[in-house]
Each structure stands twice: as structure tokens, then as C-alpha cells.
Amino acid sequence: EGFQLHGGTVDCVSGDYNHNLAYTCHNGSIRSSLLGCNVMLVDHNPGDGGFCVVPGSHKSNFKMPEGMVDGIDHSEYIQQPATKAGDVVLFSEGTVHGAMGWQSDIQRRCALYRFAPATCGYGRSYFSPDGVGSATTTPSSSCTWPLKFYNDLNDAQLAVLEPPYANRLDRPNIREDGSVDITQRSDRRRQYDKEFKTILLVAR
């Protein structure tokens, strides 16, 4: 099993800024462009290998030293958290991470989920050939999820299935109490968008 570290707000290999994985802390608010959620399905004891991380690397401004990305040098800074089946490891993808070679006799199993802000799209599942659907409207052929996904969902659950777009564009936002608030622009701006869209369609 191979070993190579990857990720980082500053890419650990190239040193380039990676806005897709950005981690920021400003005015006491922490924001992450991509949150990893690793559900451990078997025990990962010390020395077993598997998921590993470089603590604090989400704040790094430099790429990694030669040899570290492959785990050859500076291995003392690479940590494998010991976990039990059912444990969940949450981490910013802006933190350099990877997987050490698996040493246990049991098969390594885990389920990795990723969560991005409502305005960002990490995966491609939101997009379909005939356009982008909206979960807040009646599902149609342009919807990007199977129609049965929308059955018996409340407003907050429907909002989660919305494709990524800016909050200011009439997007449903979920409040802490579970209610949904629509961020709307002025009637004048919304009318302009409709007229502009009509002009584009006619121009085609």
C-alpha cells in the first residue's frame, strides 16, 4: 500500500495556494472550504497505519520539505490517530493528510464523506446535461437528484439538496433552529435578471 501526503491550504507539494481546500480564521470565525468526515469502520490501533495527518499544517504558508510528502523524512511530524470502530475523525482538507501503509491483519475499512459550503461545489453530482435543478421547486427533468430523493422532505432538507450557488441569489439558508430563510435581492434586480435571461434566450 502506497504512502503520500496531499492537501493543504498551501499545497504541500507545489506550494501554490489552494482555494478549493482553504482554511481561514477571521474575527473568531473559522471557515473551511472542504471538511473531511472519516467514519472508522474498524479499529485503527497505534502502529496499524491508515489515516494520518500533519497537525497544524492547515496554517502553513510553505510547501513541505523534500522527502516528507512520501513519509521518508520528518516522519515525527506525521501522526496516525488511534481510533475505534464507530469513531469519526473530522478534519479540514486544508490540513495535509494521507494514509500510512496498513499493518493490521484485519482489512482496513472506513467511509469518507466531504462537506463543502453551500456556495462551493467539490463534486460533480450536482450537474446534469440538461441544466441544474432546484430542490426548492417542483422536481423536473432538470433536477440533479433522483426524484424519489425529494419525497417527504421538509424545507431544510430540500435546502441541503440545492446545487452550489451564491447566497444572494434567492438561496434558501438553514437557520440554527432548523427553519429556512430565503435570501432575496430587491424586486428591481430580480426583474432585471429575468429580462436579461429572456434576451439571452432570444439571442440564441
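**Close-up views of the predicted model**

**View 1. The pairing of Cys37 with strand S7.** Cys37 has Tyr113 of S7 as its bridge partner. The model shown here, as in the other views, is predicted. Strand S3, spanning residues 35-40, runs antiparallel to S7, and six bridges join the two strands.

**View 2. The open sheet that contains S3 and S7.** Three strands form an open sheet in the order S5-S3-S7, and their pairing is antiparallel. Its edges are strand S5 (88-92) and strand S7 (110-115), each of which pairs on one side only. Relative to each other, neighbouring strands in this sheet are turned by 20 degrees on average, with direction ignored. In general, the strands of a sheet pair through backbone hydrogen bonds, in either a parallel or an antiparallel manner.

**View 3. The sheet in the context of the secondary structure.** The protein has nine strands and two helices. Along the sequence, these elements follow the pattern β-β-β-β-β-β-β-α-β-β-α.

**View 4. Contacts, burial and surface of the protein.** Of the contacts between residues at least 6 apart in sequence, 64% join residues at least 24 apart. The protein comprises 204 residues, 30% of which are buried. Its accessible surface amounts to about 13400 Å², and carbon and sulfur atoms account for 52% of this area.

Note on methods
Residues numbered from 1 in each chain as written. Predicted model: local features only at pLDDT ≥ 70, side-chain atom pairs only at ≥ 80, totals over all residues. Heavy atoms only, no water. Pairing = 2+ DSSP bridges. Helix = DSSP H or I, 4+ residues; strand = E, 2+ residues; numbered from the N terminus. Axes fitted to C-alpha atoms, helices over the stretch in contact; angles between N-to-C directions. Buried < 20%, exposed > 50% of the residue type's maximum accessible area, 1.4 Å probe, protein only. Contact = heavy atoms within 4.5 Å. Areas by Shrake-Rupley, 256 points an atom, 1.4 Å probe, with all protein chains shown as cover.
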